[in-house]
Amino acid sequence: MTIKNNISIIVAIAQNFAIGKNNDLLFHLPNDLKRFKEITTGKTLIMGRNTLLSLPKWPLPNRRHIVISDKINDCFEGCEVISSIDEALEKVNNEQEAFIIGGGMVYRQFYPMAKKLYLTLVHKDFDADVFFPEIDYNEWQEESREDLYDDKNNFRYSYLNLLRK
Ligand SMILES: NC(=O)c1ccc[n+]([C@@H]2O[C@H](COP(=O)([O-])OP(=O)(O)OC[C@H]3O[C@@H](n4cnc5c(N)ncnc54)[C@H](OP(=O)(O)O)[C@@H]3O)[C@@H](O)[C@H]2O)c1
């Protein structure tokens, strides 16, 4: 698989690679939502239809939304709906960095070609029905790491930015 230098993935993952359940997130971590906003504002977001529908409100301000779905006649306000990974790549061809924001099905297809990962790792297992592909850390080089603790959730978590070697 050819690596696409402008494709980044941003995701919050539990220790067991869990990312979602019942088309919702597994935990509420306001600090992480703030980080997501800071990193993605002004950029293009690529997502599956389930992830769009899981958002409380869309479009998210100041971001271009590309939604992948076979139901291209469905109209989602403020979003460009396309029906393949190739079309998504073509749409962001001239952009310096575009963000894959989920969910499980879409992460699986883009993971092999992504150049950068912005991970939020929660150091706890969660019951889930959607998972991120298992990460082989030998394939990635650590760019930055921040270890934190959330009092309300009572768990440790880390922000980890990784670049493909
Ligand atoms: N932890 C995190 O950071 C994070 C981030 C995002 C989402 N999530 C969670 O992930 C879950 C949703 O993930 P998911 O796997 O169910 O769904 P998803 O990846 O968001 O969307 C899947 C849908 O996208 C469309 N799609 C995907 N690939 C396609 C392709 N190659 N061609 C055409 N259409 C394609 C299909 O839509 P159609 O059925 O319309 O054809 C498919 O049903 C939720 O629980 C959400 O909360 C977690």
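Which residues does Lys124 touch, not counting residues up to four places away in sequence? The tour reaches the reply at its last stop.

**Before starting.** The model is predicted, so local features need pLDDT of at least 70 and side-chain atom pairs count only at pLDDT 80 or more, while totals for chains, interfaces and linings use all residues. Residue numbers run from 1 along each chain as its sequence is written.

**The ligand.** Select the ligand and the 29 residues around it; Gly20, Gly48, Gly102, Gly103 and Gly104 come nearest. A residue belongs here if its C-beta atom, placed from the backbone, lies within 6 Å of the molecule. Two or more residues each are given to this shell by strand S1 (4-14), strand S2 (18-20), strand S3 (44-48), helix H2 (49-54) and helix H4 (104-110). Helices (H or I, at least four residues) and strands (E, at least two) are DSSP runs, numbered from the N terminus. The shell holds eleven nonpolar, 13 polar and five charged residues; Asp, Glu, Lys and Arg count as charged, Ala, Val, Leu, Ile, Met, Phe, Trp, Tyr, Cys and Pro as nonpolar, and the others, Gly among them, as polar.

Next, select S3, H2 and S4, which form a right-handed β-α-β unit: with the strands pointing away from the viewer, the path from the first strand over the helix to the second runs clockwise. S3 and S4 pair in the parallel sense over five bridges, where pairing requires at least two DSSP bridges between the strands. Met47 has Val67 in S4 as its bridge partner.

**The core.** Select Ile9, Val11, Ile46 and Ile100, the residues with the most contacts inside the largest nonpolar core, which has 36 residues. Such a core is a set of buried Ala, Val, Leu, Ile, Met, Phe, Trp, Tyr and Cys residues joined through C-beta atoms within 7 Å. S1 gives the most to this core, with seven residues.

**Lys124.** Finally, select Lys124 in the loop between S7 and strand S8 (130-131). Lys124 counts as partly exposed because 16 C-beta neighbours lie inside 10 Å. Beyond four places in sequence, Lys124 touches Ala14, Gln15 and Phe155, contact being C-beta atoms, placed from the backbone, within 7 Å.

Note on methods
A residue is buried if 20 or more other C-beta atoms lie within 10 Å of its own, exposed if 12 or fewer, and partly exposed in between; C-beta atoms are placed from the backbone. Two residues are in contact if their C-beta atoms, placed from the backbone, lie within 7 Å.
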